[in-house]
Amino acid sequence: MKDLFLRLKGIDQRWWYLALALGIILFPWFTSNYWISVAVFFGIYALLGLSLNIILGYAGLFQLGHAAFWAVGAYTTAILNTRYGIPIFVTLPISALVSALFAILITKPILHLRGDYLCLVTIGFGEIVRLFLFNDPLGITGGINGIRGIDRPSIFGFVFHQPIHYYYLTLAFVVFTIFAMRRLENSRLGRAWIYVREDELAAEAMGIDTTQVKLLAFIIGAAWAGVAGTLYASRYTVIAPETFSFWNSCVMFCIVIIGGVGSIPGVLVGTLGMVVLPELLRDVLEEVVQWRMLVFGAAMMLMMIFRPEGFWPSPIRRHELRAAELTASE
Amino acid sequence: MEFFLQQAINGITIGAFYALIALGYTMVYGILKLINFAHGDLFMVGSYLGYTLVIALIISGLIPNLLVALLIIFLMAMGMVALTGALLERVAYRPLRKAGRLAPVVSALGASIFLQNVVMLIYGPRYHVYPKGILPDIHWSIGGAYVTLVQLATLVISILLMGGLYFFIQRTRLGTAIRAVALDHDTARLMGIDVNRIITLVFLLGPALGAAGGIMIGLYYGRINFTMGWGYGLKAFVAAILGGIGNIPGAMVGGFLLGIFETLAAGYLPWGGAWKDAIAFLILILILILRPTGLLGERVVEKI
């Protein structure tokens with residue numbers, strides 16, 4: 001048994017990646033539409049998690065209102081598409097842009113706030129956005145019923161209308177995002193974010209314009225959430241304010257923390273935990289389906305008690321927590 | 001004028017609920033710098049326990065004297081929720097005290113889901129309605145506006161509880177210890193204060209007050225639901241910020257102010273009713289941008 005394990009370990013890592021990639025590509029051919037839909041859902045939340053990871057993970061800004069940016073993206077697409085008939089792939093960049101502008105508008109005055117205070121203001125903005133969508137003062141968001149009849153995305157006459165089409169579309173976006181994030185993480189800007197997270201004062205002393213850098217984290221994070229919003233709106237063709245509730249902001253927050261702050265594989269694991277696990281529990285606990293969320297809540301607590309640094313933390317972050325423990329025990 | 005008075009009276013009643021819940025948030029934040037997201041759910045648990053006890057003690061006729069019965073109900077529900085709060089701290093927060101600021105937030109959200117679902121499993125997902133006519137339907141007229149007995153009782157009980165808490169914090173040895181721990185854990189420990197016991201004490205006091213608020217909300221509105229902790233909790237949190245988080249009189253003032261603002265805005269602004277919740281959050285944002293320490297908060301130098 002041990003021998004087998006060692007031999008498995010001896011295999012070149014690239015083979016593992018290849019197997020994983022093949023597994024992901026072939027997955028929809030061996031499963032039901034239900035699980036493909038779950039996978040698409042996973043993909044959308046993974047995008048949201050990755051976008052929040054920029055703000056919360058890299059730059060360390062407590063953001064508990066991320067659903068607001070998601071909502072802005074989704075509603076921009078929905079309004080442009082249903083009112084003006086603009087195709088989804090054209091609204092996609094527009095949504096990202098509108099979300100980014102919205103982020104500039106609301107975060108500029110609050111960037112000086114630290115920690116918990118920032119967290120509270122973002123909760124406030126998130127709720128106000130939801131209430132705005134709900135009350136519909138401009139007559140464009142459709143109030144409590146939201147907007148229905150959003151087009152499916154199409155390209156050169158090909159319409160993405162089946163779950164499997166969406167699977168590959170979402171997969172493409174997730175893969176692209178992961179590559180982009182990896183480049184971003186090691187860029188000058190990415191290193192500046194981590195520096196701001198670790199020690200804002202020192203970062204400023206080193207010549208980093210901390211306000212600018214934090215604002216950029218919000219802009220890029222919001223734009224990406226806007227992209228996820230577009231995908232969401234076109235996948236379900238119906239959007240309603242209740243989707244963009246405080247609870248969903250909490251889910252995104254938990255995705256980043258449970259996976260491990262600032263870690264891309266962590267976000268994917270976190271999304272599995274927060275979005276796919278409840279679905280799995282639905283199957284396993286079929287007899288006692290109402291116990292599902294109870295188990296889920298307990299799991300969140302246990303996870304944090306036994307692994308506060310998250311499931312798959314980034315090496316820098318792990319080191320940081322360990323160092324804090326060491327100084328505390330001295 | 002009558003309308004204004006009526007709105008103000010209703011606002012003060014709702015403000016009393018906010019203030020009672022806000023105290024729990026503000027005490028925990030003052031001592032642990034932790035936003036206890038499960039606090040709203042403890043308040044909800046209090047409301048449900050109150051419901052059960054009202055059925056068991058008053059409706060069944062077990063205790064014929066209404067005042068005695070209500071006293072027992074309040075004490076029992078407050079005690080049970082206090083124990084739940086202390087248990088929550090022991091299980092979900094204490095192991096995480098050295099784990100940074102993010103992990104406890106997730107743990108608190110987990111605890112919140114857990115509590116909600118425990119209540120949902122026990123009581124079922126539908127609304128529960130407090131039996132009508134527990135308190136006699138008496139009301140007085142003040143300048144054309146009505147004050148009901150429930151409103152008056154709410155106000156009196158909350159002021160008594162808050163006064164009691166304020167006295168406890170300011171005048172007793174344990175209260176002094178709480179204030180010392182809020183200032184500095186390590187120095188307090190050097191002065192011979194058992195910091196863990198003080199934290200447990202705070203997690204007994206806050207939820208107990210929240211439970212009292214929960215029962216009174218049941219008596220006032222009638223309808224309770226297992227998800228109501230979120231909404232009231234968030235509002236009460238805004239109230240705590242409004243008064244200056246970590247500041248106990250601040251939470252009381254903030255609660256009443258928020259309740260009054262909200263009902264007046266709902267009454268006077270066009271479509272105010274629909275935007276009532278947004279007003280609370282608008283206040284939150286304005287306060288945090290203009291005066292982050294709240295109305296009564298002292299200027300604290302942020303530790304870097």
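This is a predicted model: local features need pLDDT of at least 70, side-chain atom pairs count only at pLDDT 80 or more; totals for chains, interfaces and linings use all residues.
Let's start with chain A by itself. It has 14 helices and 4 strands. If you put a box around its C-alpha atoms along the principal axes, you get roughly 60 × 55 × 40 Å. What radius of gyration does chain A have, and what would a compact globule with 330 residues have? The globule would come out near 20 Å and chain A has 21 Å, so the two agree. As for the inside, buried residues make up 47% of the 330 in chain A. And if you take the contacts in chain A with a separation of 6 or more, 77% of them are between residues 24 or more positions apart.

Now let me zoom in on one pair of helices in chain A. Helix H3 covers residues 33–58 and helix H11 covers residues 246–259. Their axes come within 9 Å and cross at roughly 70°. That angle falls in the 65 to 115 degree range, so H3(A) and H11(A) count as roughly perpendicular to each other. Who's touching whom? On the H3(A) side the residues include A:Tyr45, A:Leu48, A:Leu52 and A:Leu56, along with A:Gly49, A:Asn53 and A:Gly57. Across from them, H11(A) puts in A:Met252, A:Phe253, A:Ile255 and A:Val256. By class, this helix contact has 8 nonpolar residues, 3 polar ones and no charged ones.

Staying in that stretch of sequence, have a look at A:Cys254. Which residues does A:Cys254 touch, leaving aside its neighbours within four places in sequence? Two are in chain A, A:Met274 and A:Met300, and two are in chain B, B:Val106 and B:Leu109. A:Cys254 also turns up in the largest nonpolar core, which has 204 residues. The residues with the most contacts inside that core are A:Cys254, B:Ala19 and B:Val238. Helix H1 of chain B, residues 2–32, gives the most to this core, with 16 residues.

That takes us to where the two chains meet. The contact uses 37 residues from chain A and 35 residues from chain B. On the chain B side, helix H4 (102–123) and helix H11 (276–290) each supply at least two residues. H4(B) gives the most there, with 12 residues. And the make-up of that chain B side is 27 nonpolar, 4 polar and 4 charged residues.

That's my tour, happy to take questions.

Note on methods
Residues are numbered from 1 along each chain as its sequence is written. Chains are lettered from A and ligands numbered from 1 in the order in which they are written. Two residues are in contact if their C-beta atoms, placed from the backbone, lie within 7 Å. Ala, Val, Leu, Ile, Met, Phe, Trp, Tyr, Cys and Pro count as nonpolar, Asp, Glu, Lys and Arg as charged, and the others, Gly among them, as polar. Axes are lines fitted to C-alpha atoms, for helices over the stretch in contact, and angles run from 0 to 180 degrees between N-to-C directions. Angles under 35 degrees count as roughly parallel, over 145 as roughly antiparallel, 65 to 115 as roughly perpendicular and the rest as oblique. The radius of gyration is taken over C-alpha atoms; the globule rule is 2.2 Å times the number of residues to the power 0.38. A residue is buried if 20 or more other C-beta atoms lie within 10 Å of its own, exposed if 12 or fewer, and partly exposed in between; C-beta atoms are placed from the backbone. A nonpolar core is a set of buried Ala, Val, Leu, Ile, Met, Phe, Trp, Tyr and Cys residues joined through C-beta atoms within 7 Å.
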